[in-house]
Amino acid sequence: MAGNRSAFQDVKLRHRALVDVSGRSTKTMLFGKPSALPMVIAPTGAAGLCWYRGEMALAKAAAAAGIPLTLSTASMTAMETIADHVGGRLWFQLYVWKRRDLSYQIIERAKAAGYEALIVTVDSAVPGNREYNSRNGFALPFNPSPRFLMDVARHPSWTLGVMGRYLTTIGMPKHENYPAEFRSAITAGAAGRRDEMQVDSLNWDDIARFRDMWPGILMLKGVNRIDDALKALTYGVDGIIVSNHGGRNMDSAAATLDVLPEIAGAVGDKCTVILDSGIRRGSDIVKAMALGAKAVLTGRATLYGTAVGGQDGAAKAIDIIKTEMDKTMAYTGCNTVDEISTDIFFNDWRSNQK
Ligand SMILES: Cc1cc2nc3c(=O)[nH]c(=O)nc-3n(C[C@H](O)[C@H](O)[C@H](O)COP(=O)(O)O)c2cc1C
């Protein structure tokens with residue numbers, strides 16, 4: 001996570017003087033449709049634990065801001081509920097199940113619910129070794145440590161406003177997008193679920209099958225190599241997301257900003273390249289676009305806003321990032337997102353390339 005951040009922080013910009021930027025705009029086109037800024041909400045399974053119905057809060061904030069939202073397979077609100085209650089552009093992220101028929105059921109649900117895009121996460125052959133989760137007893141089945149219980153006691157607004165609200169309305173939240181037989185409460189360790197979610201068998205044949213099944217936009221999330229990106233093109237994918245899962249999976253993963261230029265350069269305009277992992281500021285979006293991304297996903301940045309203030313907090317986080325992007329464009333003399341290039345960089349971005 002720190003590496004993702006320092007890659008952004010290492011890029012310094014130089015302002016351009018005396019350019020009329022009074023007509024500037026952060027607007028862009030994403031897959032042929034307008035977007036208020038080149039930003040999409042990343043899938044985060046924990047949104048519903050940060051806030052009561054956190055996915056709904058994020059989805060409404062995204063729709064109001066004119067940007068797409070990606071709902072996670074691991075979210076606690078059903079994809080149909082989001083589609084029924086929120087307008088705007090909805091994308092769905094798929095975690096593939098060992099029994100592929102379970103994955104196909106999820107894809108059919110997303111298709112029936114009218115999701116615009118299917119994003120297959122391909123960087124999670126095995127679960128990340130998250131020591132902080134072990135230390136905090138944050139595991140399934142839920143096994144709270146004294147430290148965890150102390151944390152809960154010290155945060156009464158979360159305990160009452162999030163968990164308390166669930167318990168007095170719908171009960172302990174469930175992973176509503178999981179296949180029916182595994183849709184147990186998040187605190188329960190459904191028999192066999194861990195085995196079924198182990199997807200170290202995921203491979204390119206699966207992508208071919210998903211392409212056949214999914215008529216809409218298909219993207220792979222977690223592409224980090226030129227050869228994978230070029231291979232993805234031959235499978236007819238519409239977009240690739242250069243991601244290292246926010247630094248949550250593989251130890252020593254390269255920063256995504258460092259691998260982006262070679263991938264964007266290799267695929268050119270043949271598909272849409274999106275970047276995530278480390279976006280915290282509007283200037284980060286500008287840097288990613290200069291290096292070839294058409295848009296970015298935000299995970300933590302918008303989740304932090306949601307955790308603090310639900311829909312209003314998510315809206316505030318989006319607005320902060322949008323304002324920062326607008327200011328960075330103004331300082332660097334860019335009126336449109338198409339004008340953003342490495343010309344605005346002070347230092348040589350190639351210094352981190354292989
Ligand atoms: C709490 C949390 C939960 C996440 N859950 C998922 C998920 O369910 N599916 C997925 O593909 N990625 C998931 N991710 C990864 C994000 O989609 C995204 O790749 C990452 O957060 C981007 O990095 P950033 O947090 O620095 O913006 C999660 C990330 C976080 C922080």
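In which hand does helix 5 pass helix 10? The crossing is right-handed. This is a predicted model.

**Helix 5 with helix 10**
- Helix 5 spans residues 100-112, and helix 10 spans residues 204-213.
- Their axes lie 11 Å apart, at an angle of about 30 degrees.
- Angles under 35 degrees count as roughly parallel, so helix 5 is roughly parallel to helix 10.
- Helix 5 contributes Arg-100, Tyr-104, Ile-107, Glu-108 and Lys-111 to the contact.
- Helix 10 contributes Asp-206, Arg-209, Phe-210 and Met-213.
- By class, this contact of helix 5 with helix 10 holds five charged and four nonpolar residues, and no polar ones.

**Helix 3 with helix 14**
- Helix 3 covers residues 54-65, and helix 14 covers residues 300-332.
- The two pack at an angle of about 15 degrees, with axes 8 Å apart.
- That angle makes helix 3 roughly parallel to helix 14.
- Helix 3 passes helix 14 in a left-handed crossing.
- On the helix 3 side, the contact is made by Gly-54, Ala-57, Leu-58, Lys-60, Ala-61, Ala-62 and Ala-65.
- On the helix 14 side, the residues are Thr-302, Leu-303, Thr-306, Gly-310, Gln-311, Ala-314, Ala-315 and Ile-318.
- The residues of the contact of helix 3 with helix 14 divide into nine nonpolar, five polar and one charged.

**Helix 13 with helix 14**
- Helix 13 runs over residues 282-290.
- The axes of helix 13 and helix 14 come within 6 Å and cross at roughly 55 degrees.
- That makes helix 13 oblique to helix 14.
- Helix 13 passes helix 14 in a right-handed crossing.
- Gly-282, Ser-283, Ile-285, Val-286 and Met-289 of helix 13 take part in the contact.
- Their partners in helix 14 are Ile-321, Glu-324, Met-325, Thr-328 and Met-329.
- The contact of helix 13 with helix 14 has six nonpolar, three polar and one charged residues.

**Around the ligand**
- The ligand is surrounded by 22 residues.
- The closest are Pro-43, Ser-72, Thr-121, Asp-276 and Gly-278.
- Pro-43 places a backbone N or O atom 2.7 Å from an oxygen atom of the ligand.
- Lys-221 has a side-chain N or O atom 3.0 Å from a nitrogen atom of the ligand.
- His-245 has a polar side-chain atom 3.3 Å from a nitrogen atom of the ligand.

Key. Residues are numbered from 1 along each chain as its sequence is written. This is a predicted model: local features need pLDDT of at least 70, side-chain atom pairs count only at pLDDT 80 or more; totals for chains, interfaces and linings use all residues. Side-chain values use heavy atoms; hydrogens and water are left out. Axes are lines fitted to C-alpha atoms, for helices over the stretch in contact, and angles run from 0 to 180 degrees between N-to-C directions. Helices (H or I, at least four residues) and strands (E, at least two) are DSSP runs, numbered from the N terminus. Angles under 35 degrees count as roughly parallel, over 145 as roughly antiparallel, 65 to 115 as roughly perpendicular and the rest as oblique. A crossing is left-handed if the near helix is turned anticlockwise from the far one by less than a right angle, and right-handed if clockwise. Contact means heavy atoms within 4.5 Å. Ala, Val, Leu, Ile, Met, Phe, Trp, Tyr, Cys and Pro count as nonpolar, Asp, Glu, Lys and Arg as charged, and the others, Gly among them, as polar. A residue is near a molecule or strand if one of its heavy atoms lies within 4 Å of it. A polar contact is a pair of N or O atoms within 3.5 Å; within protein, one must be able to donate a hydrogen and the other to accept it, and residues adjacent in sequence count only if both atoms are side-chain atoms.
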